[in-house]
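Welcome, and thanks for taking a look at this chain. Please glance over the sequence and the fold, and then we can walk through some details together.

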Amino acid sequence: MDGKDPLLVVTVLQEKAASKNTSTNSLDTDSKSSSTGSKHDAELSSSRDTPFPYLDGEEDQDQKNDVTYVCPYRGPTYGALTITNYRLYFRSLPLRDHEPPPVILDVPLGVIARVEKIGGATSRGENSYGIEIFCKDMRNLRFAHKQQNHSRRTVFEKLQSYAFPLSYSGRLFAFAHAATSTQVGENGWAVYEPLAELRRLGVPNDMWRATKINENYAVCDSYPAVWAVPKVASDDFLRRVALFRSRCRLPVLSWIHQKSQAAITRCSQPLVGVGGKRSADDELFLNYIMEANAQSDKLAIMDARPSANAIANKAKGGGYESEEAYKSVEIHFLDIHNIHVMRESLRKVKEVCYPTIDDSKWLSSIDNSLWLKHIKCIVAGAVRIVDKVETMSTSVVVHCSDGWDRTAQLTALAMLLLDPYYRTFRGFEVLIEKEWSSFGHKFQQRIGHGDNRHSDADRSPVFLQFIDCVWQVSQQFPNAFEFNEHLLITIIDHLYSCRFGTFLCNTESERMAEDMKHKTISLWTFINSSMDQYLNPLYPTFTQGAQTSTVLRPIASMRIIKLWKGLYCRWNPSMRPQNKIYNRTRELLVLQEQLVKQVSEKRIKANIRQA
C-alpha cells in the first residue's frame, strides 16, 4: 500500500507479504514509504538480504540469528534480530515445514523508553536470560538470548547507543536520514507561514497588528518570532508586560473571529506571588485585548489549572489574575491537572491494556486510571472557550502555569472546533505547527527524544492527549474532518520515531539554531506525499455540505468520552479489528470517486440533450 510507514509492527504476516509490505493495526509499509521512493535504497535492501527496505541514512549496527522473542500472545518465537541506527527488526525463522506465517517486529528506536537486562550468568530456566525493552507506545518487548555466546552484550550496547544517542554524544536519526535523502515533493517545512496565517485571520486590521519584536527571540526565547498584538500596544510596552508573566510569555493572539472580532489569546501565569504584586502595564494590556473587541465589555480568563493549584503557585511567585486588580475580567478555572498527574494516568492505562486484558475489571480499571476524566476536562474546557467566543462574542485569555502544555491543548482544540480550516489536512498541520511547535511546547522534554533518563519528571503525554481529544471530536462529528484516524495514529507514531524533525527540540528558537528546516525532513513532507490513505470518505469534498462551516460543540460527558482502543489497545490481537479501517476507507474513496464521475457524466449527457 503506497506511502505507508514501517512503524511499530506487531502482527503475524504472510511470508510473501513480509518481503514486500509490513502491516500493522496503525501503519503499513512498502518501498515507497520506507525508502522514500529511492531505487537505490531498494537495491541496498536486496543486497543486504533483509525483508524490509532501508530508509535513506539507515545502516546496520548488529544482527543476531539466535534470538527468541517472548511474545505475550503466541509464546516464545525463535528468529533473527537486526538493529540499525533507526530500528529494531525481528523476524521469526521457520523451524519446520508448514510453519505458521512469521512474526514481525519493526520498531523505531525512538519509541524505546528504556532497556534492561534480565537474568544473569547463574540464571536457569527457559528464556530467563535476555533483554526487556519498555516502549513509549504502550507495550514492552522481551528477547531471550543464549548465555554461552554473549550475544546479549552487543545487542544491549547497540540499543543504548542508538535509542539514546543524545546520552552518548550522538545525533538523532532525523539528521542522517535527511543528509542522504532523495525525498522529492512538497517541502513540509513551508506548510506554516506566520504572516500568511495572520492574513487568513484578517490581521493586521484596525485593532490588531503583527510585530517582529521577538525576531531574535530576545523578549521571550520560547515564543515564535512573529506575534499579533493589540495595535495600541507599542513594542516597548510589550517588553514591560512580558516581565510580569512567567517565562516572559505575555498574552498574544492565537485566533480571531472575523465577524465579531472576539479573540483567543494565550500566555503564562502572572507573577503575582504571595504578596499579591500588581503590574499596571499587564492590567492595561489585558484591557487593550478586551477593547479590541467592540462586541463585549468583558474579558474571560480561562485558567487551565484547578483553583487550588493556581493558589499554590503563588508560593512559587506565580498565581492568577484577581478580579479586583483586573477590571472587567471574569476568571474560570478548568480543573485540568498537571503533567505529573497525566503521566501517572497513562501508566495506569498501559497496565490495563498491555499485555493482557482482564475482562472482569476492564471498566473499573479504565475508570480508575482517570484518563477519560482528564480527556473530558480538556474537551469541556475547549467547549467553554468556544461558547465564550462564538455565543457570547467575548474575547478569551488562556493560560496555565507556563503556557506551553495545557494552554496549547485548550487553544488548539478550541480553534479546531471554531474554524473548519483547521479540520482540513493543511489546516491541521498549520494548527500543530502554530499552537504547539512555534509557541514552545517542549517536545524534547515531554517525549525524551534520544535521552535515556526514562524517569525524568518532565516527561508527560500532553500532545498525545490533544490528539486523543481530536479523535474524540471526530467520533462525535465523523463528517467534519477531511482526515481520518489513520492520520492521527501516524502523527503519534512519528512523535516518537525521531525520523522527522517536526517534533524535535523544545522551541522555535532551538529549531532555528539547529537549522532543522534544512538538516531534517518535515513529517508533513512525508504525509502530504501520500494523502489519499489519510482521507475521510465522509468529508463532503465534492459538495458544500453544511458541516464544513459549522462550529462544533462536542458533548464533554463521561457517557460519551471513550477509550481510543485503536491506539492504546492496538498491540493486543484480541482487541484488533479484523478489517483495518483505513483499508475500508480507501475502498469508500474509490467508490465515491466512481459515483461522482457517473453523476458528472450523466449531467453532461443531460445538458447535451437539452441543448
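Among contacts in the chain between residues at least 6 apart in sequence, what percentage join residues at least 24 apart? The answer is 71%, where a contact means heavy atoms within 4.5 Å.

## The model and its overall make-up

This is a predicted model, in which local features need pLDDT of at least 70 and side-chain atom pairs count only at pLDDT 80 or more, while totals for chains, interfaces and linings use all residues. Residues are numbered from 1 along each chain as its sequence is written, and side-chain values use heavy atoms, with hydrogens and water left out.

The chain holds 22 helices and 17 strands; these are DSSP runs numbered from the N terminus, with helices being H or I of at least four residues and strands E of at least two. Of the 611 residues, 60% are buried. Here buried means under 20% relative accessible area, exposed means over 50%, and partly exposed is in between, with a 1.4 Å probe and protein chains only. The accessible surface of the chain is about 25,500 Å², and carbon and sulfur atoms account for 50% of that. Such areas come from the Shrake-Rupley method with a 1.4 Å probe, and for residues only the protein chains shown count as cover.

## Helix H11 and its surroundings

Let's look at helix H11, residues 362-369, where Trp-362, Ile-366 and Ser-369 are buried. Seen down the axis of H11, the buried residues fall within an arc of 55°, so they line one face of the helix; the arc is that of the directions from the helix axis to the C-beta atoms. On the face turned away from the buried side of H11 sit the exposed residues Leu-363 and Asn-368.

## Cysteines and the annotated site

How many disulfides does the chain have? The count is zero, taking a disulfide to be a pair of cysteine sulfur atoms within 2.5 Å. For Cys-353, the closest cysteine sulfur is that of Cys-569 at 3.4 Å, too far for a bond. Cys-353 is buried, at 2% relative accessible area, and Cys-71 is buried too, at 8%.

Cys-400 carries the UniProt annotation "active site", taken from an unreviewed entry. UniProt positions are given in the numbering used here, feature names are shortened, and annotations may be inferred rather than shown by experiment. Cys-400 belongs to the loop between strand S17 (395-399) and helix H13 (406-418), and is buried with a relative accessible area of 3%. Leaving out residues up to four places away in sequence, the residues that Cys-400 touches include Cys-267, Asp-303, Arg-305 and Arg-406.

Ser-92 is part of strand S6, residues 87-92, and is buried at 9% relative accessible area. The Ser-92 side chain comes to 2.7 Å from the backbone nitrogen of Val-103. Beyond residues up to four places away in sequence, Ser-92 touches Thr-77, Tyr-78, Gly-79, Pro-102 and Val-103.

Asp-106 lies in strand S7 (residues 103-108). Is Asp-106 buried or exposed? Asp-106 is buried, with a relative accessible area of 0%. Its side chain makes a polar contact of 3.1 Å with that of Arg-87. A polar contact is a pair of N or O atoms within 3.5 Å; within protein, one must be able to donate a hydrogen and the other to accept it, and residues adjacent in sequence count only if both atoms are side-chain atoms.

Ile-521 is in the loop between helix H19 (516-519) and helix H20 (523-528), and is buried at 11% relative accessible area. Its C-alpha atom is 8.3 Å from that of Phe-175, although the two residues are 346 apart along the chain. Neighbours within four places aside, the contacts of Ile-521 include His-177, Trp-189 and Phe-500.

## Backbone details worth a look

Most residues other than glycine have a negative phi, and most peptide bonds are trans. Asn-127, in the loop between strands S8 (112-118) and S9 (130-135), has a positive phi of about 60°. Gln-261 has a positive phi near 70°.

Cis peptide bonds join Val-203 to Pro-204, with omega about 10°, and Tyr-354 to Pro-355, with omega about 0°. Pro-355 is in the loop between H10 and H11.
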